[in-house]
Amino acid sequence: MAKTPVSTDITSAKNSAWVRWLPNALPAAGYITLRSSADRDIKITKLKSPDYQRITIYRTVVDGETSKMVEVDDVTVPGKGEFALVPGSYHIMFEKPTHLITPGDNARVIFFLDNGTVLKVRMPVRTSPELY
């Protein structure tokens, strides 16, 4: 069985990837800035992780004084641009860890792209964005 090729068009911005650790295996949010060197837009169509049973992208939507999280099917990294998943906006939800996850670990994430390639990233798990 052939392996899916790894993308050379998408990378993560230095020190942008991290997962906010929460105790008791609560759902955790992850953040990353993706950069594209491709001339065309690239869509992220699916996410997987061997460390979590469910991993999805959500967007925080504010309506007046209330906010809610809305699951999105895909996001697009613009050609020669970047797409940021950051607190209060788009973010990755990590649910149901497959093993004990603690600060200092790395969550392995596979981003499936619409051009048939993947981006593999290790996202540090920590309690605060300042802890590099």
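Thr33 is buried, with a relative accessible area of 13%, where buried means under 20% relative accessible area, exposed over 50% and partly exposed in between, for a 1.4 Å probe and protein chains only. The model is a predicted one, in which local features need pLDDT of at least 70 and side-chain atom pairs count only at pLDDT 80 or more, whereas totals for chains, interfaces and linings use all residues. Residues are numbered from 1 along each chain as its sequence is written, and side-chain values use heavy atoms, with hydrogens and water left out.

Thr33 is placed in strand 3, strands (E, at least two residues) being DSSP runs numbered from the N terminus. Leaving aside neighbours within four places in sequence, the contacts of Thr33 are Thr11, Ser12, Ala13, Ser16, Glu82, Phe83 and Ala84, a contact being heavy atoms within 4.5 Å. Strand 3 and strand 8 run antiparallel and are joined by four bridges, and Ala84 of strand 8 stands opposite Thr33; two strands are said to pair if DSSP finds at least two bridges between them. In strand 8, Phe83 and Leu85 make up the covered face, while Glu82 and Ala84 make up the uncovered one. In a regular strand the side chains alternate between the two faces of the sheet.

Tyr58 has Glu71 in strand 6 as its bridge partner, and strand 5 and strand 6 (residues 66-72) pair in the antiparallel sense over seven bridges. These two strands form a hairpin with two residues between them, and Gly64 in the turn has a positive phi of about 70°.

The lining of the largest pocket consists of 14 residues, of which Trp21, Leu22, Ala25, Pro97 and Ile101 lie nearest its centre. A pocket is, on a 1 Å grid over the protein atoms alone, an open set of points where a 1.4 Å probe fits, with protein on both sides within 12 Å along at least five of seven lines, and lining residues have an atom within 4 Å of a point.
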